[in-house]
Amino acid sequence: DEKALNKVEGVRFDVPLDPSIFDRTFIPTESVLENILDKIVKVGNVRLLDDQKLFLKSYLDSFSDPGHAHCVDIHGFDHFMAWFARIYKHISNPAVVPLIQTRLLYGFISKENAVRWLTENIHVDGAFVIRWSQSKAGSMVCHFVENKELKEFEIKPAKMGVVVHTRLFSNFYAAFKRKPLESLKFCYPNAYQHFLSDPSIKEAFRSLKAKFPATLSRVGSI
């Protein structure tokens with residue numbers, strides 16, 4: 001019913017998904033995707049790029065019913081939403097929106113594609129990609145190049161405070177000021193421009209420090 005659709009794994013959506021897409025036993029993944037993209041725009045004013053949409057569609061399709069291509073039943077939908085619901089809560093957090101808008105947190109990219117891009121740029125120390133973890137809902141994973149080696153670092157929201165969401169991103173921003181991530185320089189998909197040379201990213205850091213001085217005080221000067 002509608003209450004069940006609005007609450008997945010204990011996370012309630014501020015903007016409920018359109019219940020009309022659940023009129024069928026098997027729901028076209030395209031309908032679910034359109035609904036999700038619409039909610040991302042409304043709650044965070046974030047418009048995903050084509051490759052980010054493709055990742056979401058591909059991941060949603062992985063929950064498809066074997067006998068119905070590009071369709072999910074309610075159980076497949078629940079499994080997908082158990083993952084997406086935690087991301088949605090972060091997207092509705094004002095401390096997160098600038099990260100996604102500026103693509104510093106690229107988010108919707110597979111581990112395979114992240115590793116492929118870094119492998120192609122293995123000679124670029126400091127190249128990095130930050131994505132939403134597919135295996136640990138709500139966590140982020142940063143893949144990066146250091147001394148021509150691929151490395152990764154997980155940011156775990158459970159260890160950073162899920163009640164006060166800005167704590168998660170206090171630690172996220174502070175990570176850029178301490179090892180092993182202090183050498184991050186080139187943000188996907190641009191392997192040759194320091195991310196802080198992008199005025200929008202630099203302004204995002206500054207404005208968030210002004211908004212959340214208590215939680216972002218450890219970040220230092222940006």
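## Burial and overall composition

Of the 222 residues in the chain, 50% are classed as buried. The model is a predicted one.

Eight helices and eight strands make up the secondary structure of the chain. Among contacts with a separation of 6 or more, 60% are between residues 24 or more positions apart.

## Helix α3

Helix α3 covers residues 50-61, which is 12 residues.

The buried residues of α3 are Q52, F55, L56, K57, Y59, L60 and D61. The elements that cover these buried residues include α2 (29-44), β4 (71-72) and α4 (74-91).

## Nonpolar cores

The largest nonpolar core comprises 40 residues, and F80, W83, F84, F108 and F128 have the most contacts inside it. At least two residues of this core come from each of α2, α3, α4, α5 (97-101), β5 (127-132), β6 (140-146) and α8 (199-211). Helix α4 gives the most to this core, namely eight residues.

When residues up to four places away in sequence are not counted, F84 touches I36, I40 and F108. A second, separate core has 12 residues, including A114, F186, Y188 and A191.

Notes
Residues numbered from 1 in each chain as written. Predicted model: local features only at pLDDT ≥ 70, side-chain atom pairs only at ≥ 80, totals over all residues. Heavy atoms only, no water. Helix = DSSP H or I, 4+ residues; strand = E, 2+ residues; numbered from the N terminus. Buried < 20%, exposed > 50% of the residue type's maximum accessible area, 1.4 Å probe, protein only. Contact = heavy atoms within 4.5 Å. Expected span 1.5 Å × (residues − 1). Core = buried A, V, L, I, M, F, W, Y, C linked by side-chain atoms within 4.5 Å.
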